[in-house]
Amino acid sequence: MTPIDPNCAYCMHGELLAQFGIYICDLTQTRLYLFKEQSHPGRVIVANKDHVSDITDLTDAQRDAFFADVARVSNALKAAFHPDRINYGAYNDKGVHLHYHLVPKYKDEFEWGGVFAMNPGLVTLSDEEYAEMIEKIKEAL
């Protein structure tokens, strides 16, 4: 396990992370980020605190804590945004830091019934709107 990769947005934050996400908070095994593209209101990323590339790189206890964090965030998104479903995506082709996209889906709205686009580039918010969304998530955690 490599604790930090200097080329990884989840490890380094700063400009790399700012291109797509906003830090929300640390959880037990993970860090939570708001995905800037908000075609799906409440979309977030749950990333492991340490730089590991695969769920199999974690011990059983770390894996259990990782998925407990994912479930905690999912419950918070349900409470804050009332989606009809939440989609979970773990893509590891290019970004080799273990992370899950949690994507609230709403019936009769954007991409219902299909796979969510990685970054459709349709909806960005003002700084104030991002702050309000982050506060809703934190309150629900």
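**Close-up 1. Glutamate 37, a buried residue without a salt bridge.** In this predicted model, arginine 43 is the nearest side chain of opposite charge to glutamate 37, at 5.1 Å. Glutamate 37 belongs to the loop that runs between β2 (30–35) and β3 (44–48). Its side chain makes a polar contact of 2.7 Å with the side chain of serine 39. Beyond neighbours within four places in sequence, glutamate 37 touches Arg43, Asn119, Pro120, Gly121, Leu122 and Val123.

**Close-up 2. Arginine 43 over the face of phenylalanine 35.** The distance from arginine 43 to the ring centre is 4.0 Å. Arginine 43 is also among the contacts of glutamate 37.

**Close-up 3. The aromatic pair of tyrosine 10 and tyrosine 33.** The structure has 7 aromatic pairs. In this one the rings are tilted, with 5.6 Å between centres and 50 degrees between planes. Tyrosine 10 sits in helix α1 (residues 9–12) and tyrosine 33 in strand β2, so 23 residues separate these distant parts of the chain. Both tyrosine 10 and tyrosine 33 are buried.

**Close-up 4. The aromatic pair of tyrosine 23 and tyrosine 33.** This pair is edge-to-face, at 6.1 Å centre to centre and 65 degrees between the planes. Tyrosine 23 is in strand β1 (residues 21–26) and tyrosine 33 in strand β2, so the pair ties together parts 10 residues apart in sequence. Tyrosine 23 is partly exposed, at 35% relative accessibility, whereas tyrosine 33 is buried at 0%. Tyr10, Phe20, Tyr23 and Tyr33 make up one aromatic cluster.

Conventions
Residues numbered from 1 in each chain as written. Predicted model: local features only at pLDDT ≥ 70, side-chain atom pairs only at ≥ 80, totals over all residues. Heavy atoms only, no water. Helix = DSSP H or I, 4+ residues; strand = E, 2+ residues; numbered from the N terminus. Buried < 20%, exposed > 50% of the residue type's maximum accessible area, 1.4 Å probe, protein only. Lys, Arg positive; Asp, Glu negative; His and termini not counted. Salt bridge = Lys/Arg side-chain N within 4 Å of Asp/Glu carboxyl O. Polar contact = N/O pair within 3.5 Å; in protein donor to acceptor, adjacent residues only side chain to side chain. Contact = heavy atoms within 4.5 Å. Phe/Tyr/Trp six-rings, centres within 6.5 Å; stacked < 30°, edge-to-face > 60°. Lys NZ or Arg CZ within 6 Å of the ring centre and 35° of its normal.
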